[in-house]
Amino acid sequence: MSEERELIEKIYRKMIMTRLRESSVSRSMCPNGIVMLNGNSFTASIRECSASVIDFYADWCIPCKIMEPILNKLSQVFAGKVFFGRIDVDAYPEIAAEYGVMSIPTTILFSNGEEIYRIIGAVDYNTMRRYIEIYLGVKP
């Protein structure tokens, strides 16, 4: 069963990489650091850069606090190549509902404004970096 899953993931990654290469939309340089998003800036922000990592969090959430320094470091590593944003689900529950965020932290990877992959819960730096490289096709 795991061989079958690996094959499916390999095919999926290849499809994503092909789609990214074929995309002829030119994007401006992504801003550095993590941008705090609100209801008005969310949609425009995920379309601003061809690759985006958005963290859905709440101030009271301990696993969310664990993810913050990891995402800060990754935003430096992928500076100018990947847009990093955070949105507070308590302040903007309508956006969390729109994207089906039921647990936090939830980190969603977007390519050209479309969801590509979703990580629910806290993950370590190397795992998150690997997800960005594989699913968004971006190297530091």
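Which residue takes a positive phi in the hairpin of β4 and β5? N112 does, with a phi near 55°, and the hairpin has 2 residues between the strands. This is a predicted model, in which local features need pLDDT of at least 70 and side-chain atom pairs count only at pLDDT 80 or more, while totals for chains, interfaces and linings use all residues. Residues are numbered from 1 along each chain as its sequence is written, and side-chain values use heavy atoms, with hydrogens and water left out.

View 1. Strand β4 covers residues 106–111 and strand β5 covers residues 114–120. The two run antiparallel and are paired over 6 bridges. I108 has R118 of β5 opposite. Helices (H or I, at least four residues) and strands (E, at least two) are DSSP runs, numbered from the N terminus. Two strands pair if DSSP finds at least two bridges between them.

View 2. A disulfide is a covalent bond between the sulfur atoms of two cysteines. Here the term is applied to a pair of cysteine sulfur atoms within 2.5 Å. The structure holds 2 disulfides. In one of them, the sulfur atoms of C30 and C49 are 1.4 Å apart. C30 sits in the loop between α1 and β1 (34–36), and C49 in the loop between α2 (42–48) and β2 (51–57), so the bond ties together parts that are 19 residues apart in sequence. C30 is buried at a relative accessible area of 4%, and C49 is buried at 2%. Buried means under 20% relative accessible area, exposed over 50%, and partly exposed in between (1.4 Å probe, protein chains only).

**View 3. The disulfide of C61 and C64.** The sulfur atoms of C61 and C64 are 2.5 Å apart. The link is right-handed, with 80° about the S-S bond. C61 is buried, with a relative accessible area of 4%, and C64 is buried as well, with 1%. Counting bonded cysteines along the chain, the disulfides follow the pattern 1-2, 3-4.

View 4. Rings of Phe, Tyr and Trp (its six-membered ring) pair if their centres lie within 6.5 Å; planes under 30 degrees apart count as stacked, over 60 as edge-to-face and the rest as tilted. By this rule there are 8 aromatic pairs. In one of them, the ring centres of Y117 and Y131 are 5.0 Å apart and the planes stand at 45°, so the pair is tilted. Y117 is in strand β5 and Y131 in helix α5 (residues 125–136), 14 residues apart. Y117 is partly exposed, at 23% relative accessible area, whereas Y131 is buried at 19%. Y117 also pairs with Y135: the centres are 4.0 Å apart and the planes at 10°, so this pair is stacked. Y135 lies in helix α5, so its pairing with Y117 of strand β5 ties together parts that are 18 residues apart in sequence. Y135 is buried, with a relative accessible area of 5%.

**View 5. A cluster of aromatic rings.** F42, F56, Y99 and F110 are linked into a cluster by ring pairs.

**View 6. A nonpolar patch on the surface.** L7, I11, Y12 and M15 form this patch, with about 400 Å² of accessible area together. L7 is placed in helix α1 (residues 2–22). Patches are made of residues with over 30% relative accessible area and no salt bridge: like charges are joined within 9 Å, nonpolar side chains (Val, Leu, Ile, Met, Phe, Trp, Tyr) within 5 Å. A salt bridge is a side-chain nitrogen of Lys or Arg within 4 Å of a carboxyl oxygen of Asp or Glu. Accessible areas come from the Shrake-Rupley method with a 1.4 Å probe; for residues, only the protein chains shown count as cover.
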